[in-house]
Structures are given as structure tokens and as C-alpha cells.
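Colleague: I would like to learn how to read the local features of a model like this one. Please take them one at a time, with the cut-offs.

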Amino acid sequence: MFELMKLPYDEDALEPAISKETIGFHYGKHHAGYVKNLNTLVEGTQYEEMSLDEIINTAPGGPVFNNAAQVWNHDFYWKSLTPNNPDVGQVIPPKLEKTISKYWGDVETLKTEFKTKATKHFGSGWAWLCLHPDGSLFTQTSPDAETPIIDPLIVPLFVVDLWEHAYYLQYKNDRGEYIDQVWTLINWEFVAGNLGVSTAGIDESKTSL
Ligand code: FE
């Protein structure tokens, strides 16, 4: 049985950018719903004993894949965010900033590219910052439940949920304003950990940088 992950913070901890009401529905109804659906779908099937990653990389497109990928993507989304507080991940580690600067010049330019792709993305989906196997960083969006982890060589660094349920209660149809606000919540320590960049240096097993 898959379980709904525990949120790494209180439901009101991301206010005002993401309200307690939004998290109540998003985490408590949508995310929980994907977990519930997945458990129902895999019961008594070949997927029952698999991990989430194994299901995502095995199941053909359809309800099993969609619900498994939505669980994985939401887990990663909540971990990608943190309360807007310098003590809990809101400061970009210098080595990470240097890496971002190598590809975009500065973090603000990365944000502009990310926001442009996220706002232009048609319909539901996800906006990602990822590490390419050649060691470079790139942004991309994926439609509906799709997730970059279907390619085992791609390392996702952070994700923003572009489904309307992530922002409609507060921002209505203004996805750009939601991106601006959610950007203030990105957990840069989490990003650095995924990239293998820390104050101890760069983990060469993860990146050729
Ligand atoms: Fe969502």
C-alpha cells in the first residue's frame, strides 16, 4: 500500500504565497486522491509489489502510470518548496548559484526562462529544472502526469505544479503571478542536494560539472 507522504511543513507554512486552503485541497484532496486511486488500481496486479519508480518505468500510459506519476510528482513538488525563511533552505548555496550562473548568467535569468515556459505551457502539467547527463542544467515542462524520471539519466532538481488546482483558489487564471510567488518558496538546499552540490563540494558521481 502506498501512503500519502507527510508534508515537510505545516499546511499554513507557505502562506501567503500558497494558502492553507490551497494546500488543504491540493495535498488533502488531489494528492491524497492519486494515492488512493493508485492503491485501488494496483491491488492484485503485477504492480502491487513494485515501488513507485518501478511502476512509472513499467506501466504503459494509462490510469496506473498517471496516478503513480502524479504521486511521485506531488511528493517532489512539496519537497521542492520550503517556507520563505533563510533558516530553512531559502538561501542559494554559493556553489549552486555559480552553477546556475554558468548556464543562465544569474538566477533571475533562470527564473525568467522558467516562468516563460511555465506560463506558455498549454493545459495541465509540470515545470522542471533538471540535470542533463552531459552535466548541463535545463528547464522543461511536461504535460499532465508526465515526469522526467522516465529517463533514468535525467535528474530532476525541482518542480512546480502547473495544474490549476495548484493555484486557482488564490490566483485564478494568473499562472504567471503564481510562478512569481512560488519562486520565493523554492528550497535551494533541496535543489543543491539533488544536484550533488554542497558546501563540501560537487559529488562527481552525479555531475560532470
Ligand atoms: Fe497538483
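**Reading the features**

Modeller: Lys172 is partly exposed, with a relative accessible area of 44%; buried means under 20% relative accessible area, exposed over 50%, and partly exposed in between, with a 1.4 Å probe and protein chains only. This is a predicted model, where local features need pLDDT of at least 70, side-chain atom pairs count only at pLDDT 80 or more, and totals for chains, interfaces and linings use all residues. Residues are numbered from 1 along each chain as its sequence is written, and side-chain values use heavy atoms, with hydrogens and water left out.

Colleague: Where is the place of Lys172, and what is its phi?

Modeller: Lys172 sits in the loop between α6 (168-171) and α7 (175-183). Helices (H or I, at least four residues) and strands (E, at least two) are DSSP runs, numbered from the N terminus. Although Lys172 is not a glycine, its phi is positive, about 50°. Asp144, also not a glycine, has a positive phi of about 50°. Asp144 belongs to the loop between β2 (137-143) and β3 (155-161) and is partly exposed, at a relative accessible area of 45%.

Colleague: Which peptide bond is cis?

Modeller: The bond from Glu15 to Pro16 is cis, with omega near 5°. Pro16 is in the segment before α1.

Colleague: Now the metal. Which residues are the protein donors of the iron ion?

Modeller: Donors are N, O and S atoms within 2.8 Å of the metal (3.2 Å for Na, K and Ca); water is not among the atoms, so sites may look incomplete. Here the protein donors are His26 (NE2), His74 (NE2), Asp161 (OD) and His165 (NE2), at 1.9 to 2.1 Å from the iron ion. Their spacing in sequence is H-x47-H-x86-D-x3-H. His26 is in helix α1 (residues 20-42) and His74 in helix α3 (residues 63-80), so this pair ties together parts 48 residues apart in sequence. Both His26 and His74 are buried.

Colleague: Why is the arrangement of the four donor atoms called tetrahedral?

Modeller: Four donors count as tetrahedral if all angles lie between 85 and 135 degrees; four count as square planar and six as octahedral if opposite donors are over 155 degrees apart and all others between 65 and 115; anything else is irregular. The four donor atoms around the iron ion subtend angles of 87 to 127°, so the arrangement is tetrahedral.

Colleague: What does Tyr34 touch?

Modeller: Contact means heavy atoms within 4.5 Å. Not counting residues up to four places away in sequence, Tyr34 touches Asn67, Gln70, Val71, His74, Trp163 and His165. Two of these names, His74 and His165, are also among the iron donors. Tyr34 is in helix α1 and, at 13% relative accessibility, counts as buried.

Colleague: Thr139 is in strand β2. Is Thr139 buried or exposed?

Modeller: Thr139 counts as buried, at 6% relative accessibility. With neighbours within four places in sequence left aside, its contacts are Trp104, Leu110, Glu113, Phe114, Lys117, Trp128 and Leu129. Phe122 is exposed, with a relative accessible area of 80%, and lies in the loop between α5 (107-120) and β1 (125-131).

Colleague: How are two packed helices described?

Modeller: By the angle between their axes and the distance between the axes. Axes are lines fitted to C-alpha atoms, for helices over the stretch in contact, and angles run from 0 to 180 degrees between N-to-C directions. The axes of helix α4 (residues 94-104) and helix α8 (residues 188-195) come within 10 Å and cross at roughly 75°. That makes α4 roughly perpendicular to α8; angles under 35 degrees count as roughly parallel, over 145 as roughly antiparallel, 65 to 115 as roughly perpendicular and the rest as oblique.

Colleague: Which residues meet there?

Modeller: Leu96, Thr99 and Ile100 in α4 meet Trp188, Val191, Ala192 and Leu195 in α8.
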